[in-house]
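Biologist: I would like to learn how to read a few features of a model. Please take me through them one at a time.

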Amino acid sequence: MRLYTRTGDKGKTSLIGGRVDKDHLRVEAYGTLDEVNSFVGQAMTLLAGEQFQDIYAELQKIQHELFDCGGDLAIVNEKLPYKVTAEMVAFLEQRIDEYIKEAPPLEKFILPGGSEAAAAIHVARTVTRRAERCIVSLSKAEPINEIVLQYVNRLSDYFFAVARVINARLGVRDVEYERSAIVFREKED
């Protein structure tokens, strides 16, 4: 197997069902998800030890799901079944709810950082938000699997919750943004 094919030397790339310019909205969207995946992999290298086994396993699962998202976004002019499902979104929501209970109460915005591992997850979170913006732009121009957008939206929230839990487990306090108003309140049932 050769890593280079020379088929992209003129600025075009293949999708599932066609070829487009390398700066096409689809390529930008799934390429940004690839960046997220790389940052997740980097963050995982900082999560050694038993106290992070659960998070490590979830992040590895998410890496596979990010490939699924990218694959779904690469489909044009084809009637293929999508891989990203509502169950994937529900899993993220369930984990977010659990992590919110584990982290200290939060009222104000926090600065990204704390421990090295939490800071790395915050980088993944912010790149995920950029990917989400790319997917929104794509969805305005062409049909997509709309669940990918839901998944990516939830994923950035998941990363926020996980970064806070990592800091909490390490005994590192989140630093509140000093000019923040109270923005997070307990929801009344």
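Biologist: Which classes of residue make up the lining of the largest pocket?

Modeller: Rolling a probe the size of a water molecule over the atoms shows where empty space is left. On a 1 Å grid over the protein atoms alone, with a 1.4 Å probe, a pocket is an open set of points with protein on both sides within 12 Å along at least five of seven lines, and lining residues have an atom within 4 Å of a point. Here the lining has twelve charged, eleven nonpolar and one polar residue; Asp, Glu, Lys and Arg count as charged, Ala, Val, Leu, Ile, Met, Phe, Trp, Tyr, Cys and Pro as nonpolar, and the others, Gly among them, as polar. Of the 24 lining residues, Ile100, Leu106, Phe184, Arg185 and Glu186 lie nearest the centre. Two or more lining residues come from each of helix 3 (86-102), helix 4 (116-141) and helix 5 (146-170); helices are DSSP runs (H or I, at least four residues), numbered from the N terminus.

Biologist: What should I know about the model itself?

Modeller: This is a predicted model, where local features need pLDDT of at least 70 and side-chain atom pairs count only at pLDDT 80 or more, while totals for chains, interfaces and linings use all residues. Residues are numbered from 1 along each chain as its sequence is written, and side-chain values use heavy atoms, with hydrogens and water left out.

Biologist: Is histidine 122 buried or exposed?

Modeller: Buried means under 20% relative accessible area, exposed over 50%, and partly exposed in between (1.4 Å probe, protein chains only). Histidine 122, in helix 4, counts as buried because its relative accessibility is 3%. Leaving aside residues up to four places away in sequence, histidine 122 touches Ile110, Pro112, Gly113, Phe160 and Ala163, a contact being heavy atoms within 4.5 Å.

Biologist: How many salt bridges are there?

Modeller: A salt bridge is a side-chain nitrogen of Lys or Arg within 4 Å of a carboxyl oxygen of Asp or Glu. The whole structure has twelve. In one of them, glutamate 142 pairs with arginine 26, with the closest N and O atoms 3.0 Å apart. Glutamate 142 is in the loop between helix 4 and helix 5, and arginine 26 is in helix 1, 116 residues apart. Arginine 26 is buried because its relative accessibility is 2%, whereas glutamate 142, at 24%, is partly exposed.

Biologist: Where do lysine 101 and glutamate 98 lie?

Modeller: Both are in helix 3, three residues apart, about one turn of the helix.
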